[in-house]
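My notes follow in the order I took them.

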Amino acid sequence: MRARSPAALTALVLVALVGGADGFKYARSFATRRAAQLRLATAARATADSGAATATAAAEAAGVVRVQLEKPLGMVLEEAGEEGAAAGVVVVELAPDGAAARDGRVREGMALLEVAGQDVGAATFDEAMDALIGAPSVVELVLQGEAPAPAAEQVEPEEEVPAAVAEDVPAPAADDAEDVDDGRPASVVVDGSTKITVERGEILRNALRGSKVDVYDLMGKVTNCNGAGQCGTCAVAVLGETDALSERTDAELRKLGKKPDNWRLACQVVVEGGGELEIQTKPWQ
Ligand code: FES
């Protein structure tokens with residue numbers, strides 16, 4: 001704040017505390033040059049006059065406020081522009097506990113646009129003071145300051161793609177790649193020479209017979225139970241991996257008893273996975 005002369009300080013006290021005509025007159029003696037306020041005042045005056053809701057919103061967006069203050073107003077006004085010019089007045093100081101400060105919307109630097117409905121945006125200092133002096137004890141003022149900064153648009157942050165995570169996923173090792181289920185049917189080597197394809201979910205006996213593989217020996221051809229798990233004549237030995245085959249059934253546990261662990265009843269085995277399999281038919285021979 002600038003250093004003020006004793007006369008100026010006297011004017012400040014008069015305006016802030018008394019609000020009378022003498023106070024305003026003294027305040028003029030230390031007027032500043034705020035020509036920029038005139039441009040703001042002209043634009044805002046039309047907005048404030050409209051009274052419509054949209055205009056009110058536009059006025060607020062332009063930094064215009066409409067307040068009702070009780071005298072003394074508690075603010076120091078100076079003329080805008082060159083001394084004696086009809087460029088309106090601006091608020092240069094607020095009394096800490098004055099009416100304007102208590103209202104909270106009046107700020108230093110604001111241009112005074114209206115006093116009790118009277119346009120003072122382009123008034124001389126004396127005209128503005130006359131309007132204030134002649135206004136009722138509770139006076140409606142329209143002022144304009146700098147437009148508030150627009151609120152930053154709330155933009156939902158995009159979910160960050162954890163690219164680094166994707167990049168960090170290690171490539172499958174060679175051994176792991178072999179375990180990848182490609183969905184293809186099983187390829188079954190029978191008796192070391194015949195290779196058949198077995199669809200997933202197919203019963204091994206049916207697949208063998210469908211491929212004209214001789215599942216039974218001579219006795220079995222006559223005595224087999226036709227896949228009921230009762231005769232044991234369809235037994236095969238599974239060579240190598242058995243992960244693609246279904247679990248042993250109760251019928252297998254009964255009929256195979258003490259037979260080697262890799263023996264299975266072809267009529268009970270479901271080929272559930274793919275890959276390479278190898279079996280031997282009639283393993284007792
Ligand atoms: S056909 Fe009889 S147990 Fe398999």
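The model I am reading is a predicted one.

**Entry 1. Asp103 and Arg105**

I looked up Arg105 and found a relative accessible area of 38%, so Arg105 is partly exposed. Asp103 has 24% relative accessibility and also falls in the partly exposed class. The two residues form a salt bridge, with 2.9 Å between the closest N and O atoms.

**Entry 2. Arg66 and Glu114**

I counted salt bridges over the model and got six. The closest N and O atoms of Arg66 and Glu114 are 3.9 Å apart. The cut-off for a salt bridge is 4 Å, so the pair at 3.9 Å is within the rule.

I then asked how accessible each partner is. Arg66 is partly exposed, at a relative accessible area of 35%. Glu114 is buried, at 7%.

**Entry 3. Lys221 and Asp214**

Next I took Asp214. The side chain of Asp214 meets that of Lys221 in a salt bridge, at 3.2 Å from N to O. For Lys221 I noted a relative accessible area of 45%, which makes Lys221 partly exposed. Asp214 is partly exposed as well, with a value of 37%. I also checked for shared partners: salt bridges join Arg66, Glu114 and Glu140 into one network.

**Entry 4. Lys282**

Which side chain of opposite charge is nearest to Lys282, and how far away is it? I found Asp214, at 4.7 Å. A salt bridge needs the nitrogen and the carboxyl oxygen within 4 Å, so Lys282 has none, although Lys282 is buried.

The backbone oxygen of Asp214 lies 2.7 Å from a polar atom of the Lys282 side chain. I noted that Lys282 sits in the segment after β13 (275-281). Setting aside neighbours within four places in sequence, I listed the contacts of Lys282 as Asp214, Val215, Tyr216, Asp217 and Ala235.

**Entry 5. Backbone angles**

I turned to phi and omega. Most residues other than glycine have a negative phi, and most peptide bonds are trans. I recorded the exceptions below.

The peptide bond that joins Lys71 and Pro72 is cis, with omega about -5°. Pro72 is in the loop between β1 and β2 (75-79).

Ala116 is not a glycine, yet its phi is positive, at about 50°. I placed Ala116 in the loop between β4 and β5 (118-119). Its relative accessible area is 43%, so Ala116 is partly exposed.

Asp191 also has a positive phi, near 55°, and is a residue other than glycine. I found Asp191 in the loop between β7 (186-190) and β8 (194-198). At 39% relative accessibility, I put Asp191 down as partly exposed.

Terms used
Residues are numbered from 1 along each chain as its sequence is written. This is a predicted model: local features need pLDDT of at least 70, side-chain atom pairs count only at pLDDT 80 or more; totals for chains, interfaces and linings use all residues. Side-chain values use heavy atoms; hydrogens and water are left out. Helices (H or I, at least four residues) and strands (E, at least two) are DSSP runs, numbered from the N terminus. Buried means under 20% relative accessible area, exposed over 50%, partly exposed in between (1.4 Å probe, protein chains only). Lys and Arg count as positive and Asp and Glu as negative; His and the chain ends are not counted. A polar contact is a pair of N or O atoms within 3.5 Å; within protein, one must be able to donate a hydrogen and the other to accept it, and residues adjacent in sequence count only if both atoms are side-chain atoms. Contact means heavy atoms within 4.5 Å.
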